[in-house]
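This briefing goes through a two-chain structure by topic. Please keep the sequence and the 3D view at hand while reading.

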Amino acid sequence: MNLFEKIFNHQIISRLEDSGTFMVTSHERAWLKTMLEHPAAADAFTADTFDKLRSILEPDQVMDTSRHLIEKARSQEKQVYHPLLRPLRRHIMNKRGIRITYEIKGGRVNTGHSGFPYKLEYSMVKREWYLLWYHTRHHAFMSTRLKKIHSVAAEPIEPSAAESILKKIGKTLESRKSEALIEIVRIYNAELSRILYAFSSFEKNVEYDTENDTYRVRVSLLGDEMEYLLSKIRFLGKRVRVVEGDYLKRRMVEASSKALERYGVFPAD
Amino acid sequence: MNEEVSFERGIILAKESFDKEIQFLRMLVLTSGAFSRQQFAERLGISVHTFDKTIRRLKEVVTSMHQHLPQEQSREFSETIRFSYYDSTDPLLLFLFRAKSVKESESQRISLLLGAMNKQTRSAMELLNMCCNSLSPGLPLPDEKTIRSDLKYLEEVGVIVKEQGPRPYRYRIQDDLVRNLSDEELIDLYDFVDVMANTQVPSVQGYLLRDGLKKHLLRNQARQHAVESFLYKYHYYSRILDEAHLFTLLHAIRHRRNVRFLYFSPKSEKSYASKNTNPLFERETEGKVHKTLPLKIVYDHQYGRWYLLSHGREGIRKYRMEGITQIEEDEAVDEVWYEEKKTKLAEKIRYSWLIDTGRPVTVRARFYNPEGSEPNFIKERVLLQGQWGQIVFENEDSFIYEITVNGTTEIKPWLRSFGSSCEVLEPIQFRREMIAEWKEIQSYYESV
C-alpha cells in the first residue's frame with residue numbers, strides 16, 4: 001500500500017470534485033473494513049446499516065497493521081463512541097435547541113435546562129466525549145460529559161436565535177483566549193524536537209532568539225486548557241520555564257514547593 | 001551529486017520520495033514562525049532557492065485542496081497551514097499525500113475517465129473516443145494502449161471494477177459505498193470515519209476517505225455545518241506525516257525484509273554545545289546509512305511519535321521514524337530465524353513504558369488524592385494512563401501505585417506531570433533524582 005498514489009493527486013481530486021464524481025480506493029475501503037471490527041462500530045450504526053456496510057466491503061481486504069504495530073503510553077480506551085453521539089450530532093446539524101437533564105459536580109442533577117448544542121468534543125487525554133452547548137438562561141458556555149447526561153430531547157429554537165448564538169460562540173471563545181510564553185532552557189536545546197512535539201497539540205508560535213540561541217513557545221489557549229498545559233510543563237520538568245503567564249508561574253512555584261515538602265525538603269529559613 | 005540536484009530529481013523521477021517535504025512540513029508545524037527563510041533552509045540543508053520552490057509547490061497543493069484558505073500572496077505559508085483549533089477540523093497536513101506529481105495530460109485524462117464511468121459502464125474504446133473529444137486542445141491525444149493501462153491502474157487501486165460479461169469488457173466506477181447508502185446512513189458513515197481517523201492509528205487512509213465523503217455530502221445538499229460537528233482535543237498534528245513511512249516498513253516486516261535508509265538521529269549529544277546544528281534536522285552529510293531488519297513499529301501516545309524497532313548487527317535497534325529518509329527494501333531473511341528475533345524483542349519490550357529495553361525495576365509511587373469532595377481525578381488519571389501498573393495500597397488520602405518497568409527514564413515525565421500529587425518512593429535513587437529535579441524547577445521561579 002502506497003500512500004503517495006497518483007490517484008490521490010490534488011489536481012485529479014479537484015477535477016473529480018468539479019465533475020461530481022465520488023472516488024474511493026481499495027486502501028480506504030481496507031481501512032474502513034478494519035475499523036468496522038472495532039467494538040465502537042456497533043454504536044455508530046443501526047444494525048441494518050452495519051450489515052449493509054459489511055456486505056459492501058465483503059470483497060475488500062482487512063489491514064493487518066495491528067499485528068506489527070504496538071501503541072505505547074496510550075490511555076485506556078474507555079469510550080470511542082457513545083450512544084448519544086448520533087442523536088446529538090443531528091441536533092447540531094439541524095441547529096435545533098435541546099432540553100437537557102444532566103449531572104453536575106457533587107452528584108446533583110439539573111433537570112430540563114434549555115440550551116443550544118454546537119459541538120461534540122472528544123478528549124484524546126481523557127478518552128471521553130463532551131457536549132459543548134450554550135445554556136440559554138445562564139448565557140453560559142457549557143461542556144458536559146456525555147456520560148453525565150441523563151436525557152436530552154430536541155426543543156424548537158428560532159433560526160435567527162440559533163444563528164446569533166453561533167456567531168456569539170465564535171467571538172466569545174476567541175476573546176477568551178489567553179497567552180503564555182514558555183522558554184526552552186538552553187542547555188536542553190538538543191532535545192528541542194521532543195519538547196516541541198510535546199507542545200504540538202497546542203495553538204502556538206515558536207520564537208527563536210538567534211543571539212542567545214534560545215527558543216520560546218508562545219501558546220494561545222482557553223482558560224480551561226491551563227490544567228493540561230501545566231501537566232505538560234511538569235511533564236517536561238527542568239527543560240522548560242514559564243516566562244510569561246502569572247497564573248502558570250504561580251502554579252509552578254506551588255507545585256515545586258509542595259512536591260519538595262512531600263519529600264521532606266523544606267525551605268531553609 | 002549535491003543535495004539540491006538529488007532533491008529536484010526526487011520530485012521528477014517516477015519513484016518519488018517525499019522525505020524533504022515531510023521534514024519541511026514537520027519543521028514548519030513544530031517550529032511555526034521561529035525561523036527566517038534563510039535559517040529555515042539552512043536547517044533543512046537546502047538552498048534558499050529550493051526552499052522557495054518547495055514552498056511554492058506545497059502552497060499550490062494546499063490552495064487547490066482548501067479553496068477557503070486566505071489567498072493573499074503576502075501571507076506566510078506557515079500562517080496558511082497554521083493549526084487553529086476552532087477554525088477547521090480538516091487535518092491540513094493531509095495535503096502532503098496529495099502531492100504526488102502527475103503530468104497535466106494524465107491528470108486531465110484520469111479525471112475524465114472516472115467522470116465518464118460515473119453512473120454508467122464504458123468500454124475502453126468508448127473511453128478512448130470520449131477522451132479524444134474532450135481533452136484540452138494542445139494536450140497529446142491518448143492511444144488505446146494508454147487508455148488500457150489507465151484502466152488497469154484504476155482497477156488495481158480499486159477505484160473502478162470490470163463488469164461481468166463478454167468482451168469488450170465494460171468498466172464502472174466502484175462507488176458502492178455511497179451508492180447503496182441512504183443520506184442518513186451516509187451521515188453515520190461520515191461520522192464513523194471521522195471519529196476513527198481521529199482516534200485510531202493508522203489514520204491517513206481514514207482521513208482520505210473522510211475527505212471524499214465530506215465532498216460527496218456537501219455536493220448532495222448537506223450544509224457545511226453538517227460536516228463539522230466533532231472536535232478532538234490535544235491531537236499531535238504532525239503524527240500523520242510519519243505514516244508516510246509506515247506502510248513501507250509494514251511491507252518489509254510482512255516479507256521479512258531488511259531495509260536501508262539514511263538516518264538522521266534526532267538526538268545530537270555530540271553537538272550539544274554547537275550553535276550551528278539544529279537538533280531537529282542536521283545536514284544531509286551528518287546522516288548515516290543504516291541497514292537493519294524491521295521487527296515492530298511503535299506509536300508513542302505520550303508525544304505522538306513513531307518508532308521502528310529492528311534487529312541490527314548490535315542486536316535490537318531503535319529508530320525514530322522522523323529521522324528515516326531514503327528508505328529502500330533489501331533482501332529477505334529466513335522465517336524461523338526472523339520469528340525468533342521477533343519473540344526475543346517482544347520479551348524485551350514487555351516492560352517498556354515506551355521503548356526502553358533496559359533492566360526492569362519496580363517503581364513505587366504514592367499518589368495523593370485531591371482535597372475536598374471533588375471526584376478523584378488523580379486516581380482516574382492513574383488508572384487511565386498507568387499502563388500495566390497496579391494500585392497496591394489505598395487509604396483515605398493516598399494510594400500506592402506499583403509498576404515493573406524497564407528503567408525509570410521513560411516513566412519519569414509521566415510521574416512528574418502529577419506535580420505534588422505524586423511522590424516517588426522506590427527505587428531510592430529515582431526518588432533522589434526526583435527531589436533534585438523539583439529543586440531545580442523551584443529555582444527557576446525564585447524571583448516570583
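How many Å separate the centres of domain 2 of chain B and domain 5 of chain B, taken over C-alpha atoms? The separation of those two centres is 62 Å. The model is predicted, and every value below was computed from it.

**Chain A as a whole**

- Chain A contains 10 helices and 10 strands.
- The radius of gyration of chain A is 24 Å, whereas a compact globule of 269 residues would have one near 18 Å.
- The C-alpha trace of chain A spans about 75 × 50 × 40 Å along its principal axes.
- Buried residues make up 35% of the 269 residues of chain A.
- If contacts in chain A are limited to residues at least 6 apart in sequence, 60% of them join residues at least 24 apart.
- Chain A is assigned domain 1 (6-68), domain 2 (85-175) and domain 3 (178-262).
- Taken over C-alpha atoms, the centres of domain 1 of chain A and domain 3 of chain A are separated by 40 Å.

**Where chain A meets chain B**

- On the chain A side, 103 residues are in contact with 116 residues of chain B.
- The element that gives the most to this side of chain A is helix α10 (residues 246-262) of chain A, with 11 residues.
- By residue class, the side of chain A that touches chain B has 48 nonpolar, 28 polar and 27 charged residues.
- Strand pairing also crosses between the chains: strand β3 (residues 109-123) of chain A and strand β4 (residues 230-233) of chain B run parallel and are joined by four bridges.
- A:Tyr122 has B:Tyr232, in β4(B), as its bridge partner.

**Domains and sheet of chain B**

- The domain assignment divides chain B into domain 1 (3-83), domain 2 (104-174), domain 3 (178-227), domain 4 (239-347) and domain 5 (360-444).
- An open sheet of chain B is formed by three strands in the order β1-β3-β2, with antiparallel pairing.
- At the edges of this sheet are β1 (122-123) and β2 (160-162) of chain B, each of which pairs on one side only.
- β2(B) and strand β3 (residues 170-173) of chain B run antiparallel and are joined by three bridges.
- B:Tyr171, in β3(B), is the bridge partner of B:Lys162.

**Helix α10 of chain B**

- Helix α10 (residues 183-199) of chain B has 17 residues, which at 1.5 Å a residue should span 24 Å; its end C-alpha atoms are 24 Å apart, so the two values agree.
- Because 13 of its 17 residues are buried, α10(B) is largely enclosed by the rest of the structure.

**B:Arg416**

- Helix α15 (residues 412-416) of chain B includes B:Arg416.
- Is B:Arg416 buried or exposed? B:Arg416 has 23 other C-beta atoms within 10 Å, and a residue counts as buried at 20 or more, so B:Arg416 is buried.
- Leaving out residues up to four places away in sequence, B:Arg416 touches A:Arg234, A:Phe235, A:Gly237 and B:Glu437.
- B:Arg416 and B:Asp300 are 116 residues apart along the chain, and their C-alpha atoms are separated by 18 Å.

Definitions and conventions. Residues numbered from 1 in each chain as written. Chains lettered and ligands numbered in written order. Predicted model: local features only at pLDDT ≥ 70, side-chain atom pairs only at ≥ 80, totals over all residues. Contact = placed C-beta atoms within 7 Å. Helix = DSSP H or I, 4+ residues; strand = E, 2+ residues; numbered from the N terminus. Nonpolar A, V, L, I, M, F, W, Y, C, P; charged D, E, K, R; others polar. Pairing = 2+ DSSP bridges. Domains from an automatic or database assignment. Expected span 1.5 Å × (residues − 1). Buried ≥ 20, exposed ≤ 12 C-beta atoms within 10 Å, placed from the backbone. Rg over C-alpha atoms; globule rule 2.2 N^0.38 Å.
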